[in-house]
Amino acid sequence: MWYKSLIKLCFTLAGPYLLTACSKSEILEQETQRTIRFTEVSTRASISTADEMEEFRVWGLFSKDNNTHPVFESEDGIGERVYKKDGGTWTYDNTRYWLEDFTYRFHALHGVESATINEGMNTISCSAFDCSKGNDLMSAVSDEYSVAANNIPKSVPFTFKHRLAKVVVKLKAATGVSATVKSAKFYGMSYTGDFSYALADQTITWSKEGSGASSTDTPFEYSGQEVVVSGTTELSLFGDMLLLPQQINGATLAVTLNRGQGEETLTVTLPETTWKENNAYVYTSTVEQTGISFTDFTVQEWNYSYSGGSVNIQ
């Protein structure tokens, strides 16, 4: 590719010239100044601290005179892996350098195991994204950088946005009621699908797979230690579930418990609603003397359970 040769040419031709006029340390300093770096990642994630975010994928484009080329080359279009090395510094393996008189922009995805950019370099696609794995799908786009000799970017910062819906199901007991929870299931929604990410406006379009979670086949189960709910006790049955944005009609909670009259399984259907990306949906179910009811249903910003706003990753 011509642009790969150009990167090599820039430094091959500059090398001998600089060696006659500069020290080796000065050459390294100039190369270091032109190295493309990724730092200062921020997110309003359920990932509540910088240490919890370990890596993400980056696709870069640079253009001039209506000609656009990938910053990172790969035959299959898989993005460059950016990760933290010892000491928490963000790095990547296939080092690239800023080229003067070109315009750059970068896109990043977190939580994907495999995603590829198309030949037209306008869409990133991911197949068989599986929410049961608990990956926090987030995306980010950089500012546009016009590179010049007196305008070499120091780094590329990203602010990540959640692209899934966070769903929390809590269980509590009504006044005067005590119940021993033995197991629970959550089903009736899609949790796997393909998505395409449009570089132009950063929208994500989903194509859901299969029939979703069913009463006999769901990855969202509670089968741990038996827990007594009573008084002010609230039990989060499945933790933070990160699920596809979708219309909800028939999502069901089934709880097996004992209220002192023998083991029984109670079911309750969630209210119809639409789960939207970057929102948290908290459902609180109450064990009554005669069954389970929903007493509280709230929609909150994703970072509802954390203080301090955005999380900066240096």
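Predicted model: local features only at pLDDT ≥ 70, side-chain atom pairs only at ≥ 80, totals over all residues.
**Strands and rings: a quick tour**

Zooming out, we get an open sheet of 4 strands, ordered E7-E8-E14-E15, with antiparallel pairing. E7 (116-117) and E15 (204-208) are at the edges with a single partner strand each, so one side of each has no neighbour in the sheet.

Now, the rings. How many aromatic pairs does a search of the whole structure find? It turns up 16. Take phenylalanine 72 and tyrosine 92: they're edge-to-face, 5.5 Å centre to centre, with 85 degrees between the planes. Phenylalanine 72 is in the loop between E3 and E4, and tyrosine 92 in the loop between E5 and E6, so this pair ties together parts 20 residues apart in sequence. Phenylalanine 72 is buried, at 10% relative accessible area, and tyrosine 92 is buried too, at 8%.

Another edge-to-face pair is tyrosine 191 with phenylalanine 220, at 5.8 Å centre to centre and 85 degrees between the planes. Tyrosine 191 is in the loop between E13 and E14, phenylalanine 220 in the loop between E15 and E16, 29 residues apart. Both residues are buried.

There's also a cluster, where ring pairs link Phe62, Trp98, Phe102, Tyr104, Phe106 and Tyr145. Over the ring of phenylalanine 102 sits the charged end of lysine 64, 5.4 Å from the ring's centre. And finally, arginine 81 lies over the face of tyrosine 83, 4.3 Å from the ring centre.

Terms used: Residues numbered from 1 in each chain as written. Heavy atoms only, no water. Pairing = 2+ DSSP bridges. Helix = DSSP H or I, 4+ residues; strand = E, 2+ residues; numbered from the N terminus. Phe/Tyr/Trp six-rings, centres within 6.5 Å; stacked < 30°, edge-to-face > 60°. Buried < 20%, exposed > 50% of the residue type's maximum accessible area, 1.4 Å probe, protein only. Lys NZ or Arg CZ within 6 Å of the ring centre and 35° of its normal.
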